[in-house]
Structure formats: C-alpha cells, structure tokens
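Please take a moment to look through the sequence and the structure before reading on. The notes that follow are grouped by topic.

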Amino acid sequence: MDALSYRDCEAWRAEGLPLSTSSNEACKLYDAILTQYVKWRNIDSVGGIEGCITAIKAADPDFVMGHVLSTGLELVGTATSLRLDQRLASAVKRTVEMAASQNLTTRERLHVKAMELFSHGNFPKASDVWEDILVDHPTDLLALKFAHDSYFYMGAQTQMRDSVARVLPYWKPHMPLSSYMKGMYSFGLLETRFYDQAEKVAMEGLTLVPDDAWAVHSVAHVYEMTAKVDKGLKFMEGKEKDWQVSDMLASHNYWHWALYYIEKGQYEAALQIFDSQLFKRCKTSGSMLDIVDASSLLTRLEMEGVSVKERYRELLQVTLPHTDDHVTLFNDLHFLMTSLGASEMGASRRLLEGLQELAKNPGDNYQHKVAGPIGVPMCQALMEYNDRHYDKAVELLYPLRYNMVQIGGSDAQRDVFQQLLIHAALKSESKHHQRLGRCLVVEREAARPNSPLTNRLMQRAMALQ
Ligand SMILES: [Fe+2]
C-alpha cells in the first residue's frame with residue numbers, strides 16, 4: 001500500500017486519537033479502511049476494504065480497533081446478524097475478550113462497547129456510546145460514521161443531522177477527510193427538510209471533493225424531495241463519472257436517477273437502469289442497499305402499471321436467502337415486496353411469521369421492538385395489497401403513516417409505502433377510502449409541488465369522483 005498517504009501510529013497520536021498498536025502498518029490500514037468507508041469506494045491500490053481487513057489482521061492480530069472496524073462494518077452492512085451467523089457472533093465475542101485483556105484508551109473501550117451493543121440490535125444505546133466518544137473526540141470519524149448509519153437504520157433524522165452539526169467546528173480544512181463532512185451534514189439537513197441548506201452544503205463539499213458520492217447523493221435527494229426532476233436528471237448525468245467510481249454507492253445513485261425517470265413516466269429508461277445497473281450490481285455485491293433498491297424500483301414501476309413479473313422472479317434469487325434475516329425491518333419489507341411480486345407465497349408467509357415470532361420477545365433489539373407495532377402490520381399491508389384486499393391494506397397502513405419513519409431509511413426510500421397507501425385507497429371499493437386517497441394526493445402535492453407522478457395520481461383520484 002501507499003506508505004505516504006495514510007496515518008501511522010504517531011500521526012493518529014498527534015491528532016489526539018491514539019491507537020493501541022505498535023504496528024505502523026496496522027495504523028495505516030485502519031486509516032485506509034476508514035477512508036474507503038467514508039468514500040463509499042473500494043480503492044484497488046490498497047486491496048479494497050476486504051484486502052485491507054485481511055492485511056490489518058496480519059499486521060497486528062491483537063489490534064482491537066482493527067477488529068472493531070472490520071466487525072463493525074459487517075454489522076452496519078446489515079446483511080447478517082449474531083442470531084444467524086456464528087462466525088460473526090464469535091468475532092464480536094473475541095473482540096470483547098481481547099479488549100478486556102489489553103490496556104486500551106477509554107475511547108477504544110467505548111468503541112468496543114458500542115460495537116457490542118449494535119451487534120445485539122441495541123441501536124439506540126450503541127448510538128449513545130458513539131456520541132459519548134464524540135463529546136471528547138469530535139474528530140473520531142469512525143464513531144461519527146457508525147452513529148450516522150445507526151441513526152439511519154432507526155429513522156432518527158434529527159439525530160443524524162445534529163450529530164454531525166455538533167462536531168463540524170472541530171474539523172479543520174487540513175485534516176484528512178474533512179471535506180467529506182459536508183456531504184454527511186447535508187444528508188441530515190435534507191432528511192429534516194432543510195432542502196436549500198442541504199443543497200448548498202453538499203455543493204460546497206463537491207467543490208472541495210467532486211468525487212464525494214455521498215454529497216452527490218444528497219443533492220439527488222434534494223431534487224427528488226422537491227420534484228425538480230429535470231434538474232436531477234441533468235445533475236446525475238453531469239456528475240456520473242465522478243460518483244460511478246464509488247462502487248458501494250453507485251447502484252443507489254443510479255436508483256435515484258431511475259426515480260426521476262419514473263416521475264416523468266419514462267418507464268423504459270427506468271427499466272434500462274434496473275437491467276444495466278441495479279440488478280447486475282446487486283447480484284455481484286450482495287449489498288443490502290443494492291438489493292433493497294432493486295426491490296423498491298420494481299414495486300414503484302409495478303404501481304405505475306409496468307409489468308415487472310419476470311424481473312421480480314430473477315431478483316427473488318437474490319432476496320430469498322435473506323427471508324429469515326430480520327436484521328432491519330426496512331430490509332425485510334423489501335424482501336417481502338420481491339417475494340410477493342414473484343408470487344412466492346411460501347417465502348412471503350415465512351418472512352412474516354418469522355418476524356411475528358421475534359416481535360414477541362424483542363429484548364433489546366430495536367428492530368424487533370418496532371416490529372410489533374409497525375413492521376408486522378406493514379408486512380401484512382403488503383400482503384393484503386397483493387391479495388387485492390385494498391381496504392384492509394388501507395386500514396393497516398393509514399394509522400402508521402407518521403410512524404413508519406421508525407423502520408429506518410430515507411424519506412425518499414420510504415415514499416414507496418406512501419405511494420402504496422394512496423394506490424390502495426384509490427383501488428379500495430370503499431368510497432371513504434377513495435376520498436381518503438384523494439386527500440392524500442392533495443397533501444402530497446402540497447408538500448412536494450409540481451410532481452408529474454402526483455399529477456397522475458390526482459387524475460386517477462378525480463376519475464373516481
Ligand atoms: Fe438515497
């Protein structure tokens with residue numbers, strides 16, 4: 001690896017973030033992994049994240065923060081959990097034991113504690129611990145990133161914004177990765193509806209680092225949430241070369257691009273993105289973000305009347321192994337969309353029953369706690385909708401619409417459920433539901449004016465009168 005560009009033991013110490021290892025190589029690899037995590041990009045010259053993880057364990061097998069980083073990344077990836085994966089459970093246990101036997105800094109001990117809490121699904125307490133670290137070490141980027149991800153999975157939008165706002169003044173331009181703070185802050189701003197400020201901050205970030213795919217992504221969200229469809233298309237196309245190299249986020253940015261096409265009713269263009277990017281990438285990466293985006297895009301197209309049955313069947317091969325995951329409700333709901341879309345009723349029922357079972361004894365697991373009041377009825381609503389019991393789907397979803405945020409994800413991602421509620425209401429035979437559907441469309445137009453998709457829904461609502 002490039003010995004010059006990453007921080008060694010002394011450099012970390014000088015920044016007030018000492019790492020308990022005597023291996024300069026391990027310290028530099030820690031930096032290289034963190035850098036790739038922040039950039040959403042596997043850097044080939046250092047072997048990508050996976051290569052660095054192998055190398056860091058070889059450089060110093062007892063480097064606790066190396067284990068915290070590798071196991072933590074696996075956990076925030078949400079593709080597996082302790083309940084399902086004995087290897088992961090052992091990795092967490094080994095890290096905790098290793099930490100207990102070593103003379104670590106308080107900051108490192110807190111990192112171990114937060115990672116352990118997160119591994120048990122206790123996202124709120126894990127976030128509290130990462131925030132404790134940030135009070136004393138506001139430039140601890142690993143704590144900030146893990147907290148950011150954890151908030152995202154809880155739909156903790158305000159926390160996601162304020163967590164970054166609190167530490168921003170401590171970041172000076174000369175500090176490595178400081179320019180990436182802009183994109184992170186922008187995301188919290190837009191999720192709390194400060195769209196103008198979010199766009200401004202993200203654009204500032206892109207002036208500093210044009211290839212910050214997360215800042216590009218923030219701008220994509222701003223144009224999505226304000227229905228500036230043509231602006232969004234032009235922006236994504238103009239920046240494609242910059243963000244495409246961020247392999248861990250590229251698929252998601254293509255998904256945002258496809259949403260603009262759906263807005264415009266250009267379904268073939270959206271399908272082309274699904275075929276050429278989303279589906280291929282999710283098969284190769286196995287990343288949860290890539291998989292849920294593919295599911296979401298098909299469901300959105302289907303609601304628009306596009307036939308995607310065959311594509312659902314192909315995608316099912318990717319989602320099926322995750323039927324029993326129940327790591328996050330957001331993921332589960334997207335797996336269910338695909339199994340229902342592919343008419344795979346066995347897997348659909350199995351997913352719902354598994355979640356219902358976990359909801360009975362959630363313990364400290366945030367997602368399983370939220371499953372009872374929100375996740376399970378949302379799954380049931382999808383199943384009722386699929387069975388054309390639109391009235392039941394409305395009755396399940398309508399009371400939850402202001403609480404759905406708790407399943408995590410972004411406003412733009414969760415919009416699929418808001419759209420589904422409107423479709424269910426308009427398709428229901430109940431006149432009351434149909435009027436409700438129209439009210440929801442009016443409300444949608446007020447919050448996000450000039451959306452072609454909303455206009456199409458309005459025409460359907462008017463036709464029912
Ligand atoms: Fe997004």
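What spacing do the donors of the iron ion follow along the chain? In this predicted model, the donors follow the spacing H-x3-H-x30-H-x3-H.

**The iron site**
- The protein donors of the iron ion are the NE2 atoms of H217, H221, H252 and H256, which lie 2.1 to 2.2 Å from the ion.
- The angles among the four donor atoms run from 89 to 178 degrees, and the site of the iron ion is irregular.
- Because H217 belongs to helix α12 (residues 213-225) and H256 to helix α14 (residues 250-264), this pair ties together parts that are 39 residues apart in sequence.
- H217 and H256 are both buried.

**Aromatic rings**
- The count of aromatic pairs comes to 18, and one of them is the tilted pair of F123 and Y153, with 6.3 Å centre to centre and 50 degrees between the planes.
- Since F123 lies in helix α7 (residues 123-136) and Y153 in helix α8 (residues 141-154), the pair ties together parts that are 30 residues apart in sequence.
- F123 is buried with a relative accessible area of 2%, and Y153 is buried with a relative accessible area of 16%.
- Ring pairs link a cluster whose members include Y37, F123, W130 and Y153, and the charged end of K145 sits over the ring of Y37, 4.5 Å from its centre.

**Around V164**
- V164, in helix α9 (residues 157-167), is buried with a relative accessible area of 0%.
- Leaving aside residues up to four places away in sequence, V164 touches L144, H148, M181, M184 and Y185.
- The C-alpha atoms of V164 and M181 are separated by 7.5 Å, although these residues are 17 residues apart along the chain.

How values were computed: Residues are numbered from 1 along each chain as its sequence is written. This is a predicted model: local features need pLDDT of at least 70, side-chain atom pairs count only at pLDDT 80 or more; totals for chains, interfaces and linings use all residues. Side-chain values use heavy atoms; hydrogens and water are left out. Donors are N, O and S atoms within 2.8 Å of the metal (3.2 Å for Na, K and Ca); water is not among the atoms, so sites may look incomplete. Four donors count as tetrahedral if all angles lie between 85 and 135 degrees; four count as square planar and six as octahedral if opposite donors are over 155 degrees apart and all others between 65 and 115; anything else is irregular. Helices (H or I, at least four residues) and strands (E, at least two) are DSSP runs, numbered from the N terminus. Buried means under 20% relative accessible area, exposed over 50%, partly exposed in between (1.4 Å probe, protein chains only). Contact means heavy atoms within 4.5 Å. Rings of Phe, Tyr and Trp (its six-membered ring) pair if their centres lie within 6.5 Å; planes under 30 degrees apart count as stacked, over 60 as edge-to-face and the rest as tilted. A charge sits over a ring if NZ of Lys or CZ of Arg is within 6 Å of the ring centre and within 35 degrees of the ring normal.
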